[in-house]
Amino acid sequence: MSGKKPYDPFESIHKVSLLWEKQINDFIYLWTNNKDFVKMSKTGTEINSRYLEAFKKNQEALASVLNLPTKNDIANVATLTVQAEEKIEALEEQIWELQDSLKSQNKEIESVVEISKEIIKLTKQLKTELIKTKKEQLDTKELHAELQEMKFELLKLTSIKEEVDSLKGLIEKKDQDTKRELAGSGTSK
C-alpha cells in the first residue's frame with residue numbers, strides 16, 4: 001500500500017461548498033453595506049407591515065362575517081380553557097376534602113350508632129329489670145297485705161284467746177263458787 005490517500009468525492013464537494021458560501025457571504029455583505037439598500041429595505045418593511053395590518057383587518061372582518069374563529073379568538077379560548085382547568089382542579093380538591101370530611105363524619109356516626117345500640121341494649125335490660133322489680137314489688141305488697149291480714153287475724157285470735165281465758169277464768173271461778181256453794185250447802189244441811 002502506498003502512502004497516498006484514496007480519492008474522497010465528499011471532501012471535494014465540501015471544499016467547493018465552503019468556497020461558494022464565502023463568496024455569497026461577501027456578496028451579501030457588500031450589497032447590504034450600502035445606505036441606499038438600507039433605505040429601500042426600510043421602506044419595503046414599512047409597506048409590508050401596512051399591508052400585513054390591512055390583511056389582518058380584512059381577515060378578521062371576513063372571519064366575523066363567515067362566523068369563523070380568528071387567531072385572537074383561539075387565544076382567548078385557550079386562556080379560558082386554562083382558567084377552567086384551574087377552577088376544575090380547585091373544585092376537585094374541594095370535593096376530595098369534602099369526601100375526606102364525610103368519611104370522618106361517617107366514622108363518627110358509626111361510633112355514635114354503636115354507642116346508641118349499647119344504650120338501647122342497656123335500656124332494654126333496665127326495662128326488664130324494672131318489670132321484674134315491679135312484679136317483686138307487687139308480690140311484696142301482696143305478702144304485706146297477707147301479713148297484715150294474718151296480723152289482724154292473730155289480733156282477733158289473741159282477743160278471742162283472752163276472751164276464752166277470761167271465760168275460762170269465769171267458768172273456773174263459777175266452778176269454784178258452785179263447788180263452794182255445793183260444799184257449803186252440803187255442810188249446811
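T70 lies in the loop between α2 and α3, where helices are DSSP runs of H or I with at least four residues, numbered from the N terminus. The model is predicted, with local features requiring pLDDT of at least 70 and side-chain atom pairs pLDDT 80 or more, while totals for chains, interfaces and linings use all residues. Residues are numbered from 1 along each chain as its sequence is written, and side-chain values use heavy atoms, without hydrogens and water.

T70 counts as buried because its relative accessibility is 15% (buried: under 20% relative accessible area, 1.4 Å probe, protein chains only). Leaving aside residues up to four places away in sequence, T70 touches E60 and A63 (contact: heavy atoms within 4.5 Å).

T70, E60 and A63 are among the residues lining the largest pocket, together with K56, Q59, P69, K71 and N72. A pocket is an open set of points on a 1 Å grid over the protein atoms alone, where a 1.4 Å probe fits, with protein on both sides within 12 Å along at least five of seven lines; lining residues have an atom within 4 Å of a point. The volume of the largest pocket is about 150 Å³, taken as the space filled by probe spheres set on the points, which are joined across faces, edges and corners. Helices α2 (35-66) and α3 (71-188) each supply at least two lining residues, and α2 gives the largest share, four residues.

At the start of α2, a side-chain oxygen of N34 reaches to within 3.3 Å of the backbone nitrogen of D36. N67, which follows α2, has a positive phi, near 60°.

How values were computed:
Buried means under 20% relative accessible area, exposed over 50%, partly exposed in between (1.4 Å probe, protein chains only). A polar contact is a pair of N or O atoms within 3.5 Å; within protein, one must be able to donate a hydrogen and the other to accept it, and residues adjacent in sequence count only if both atoms are side-chain atoms.
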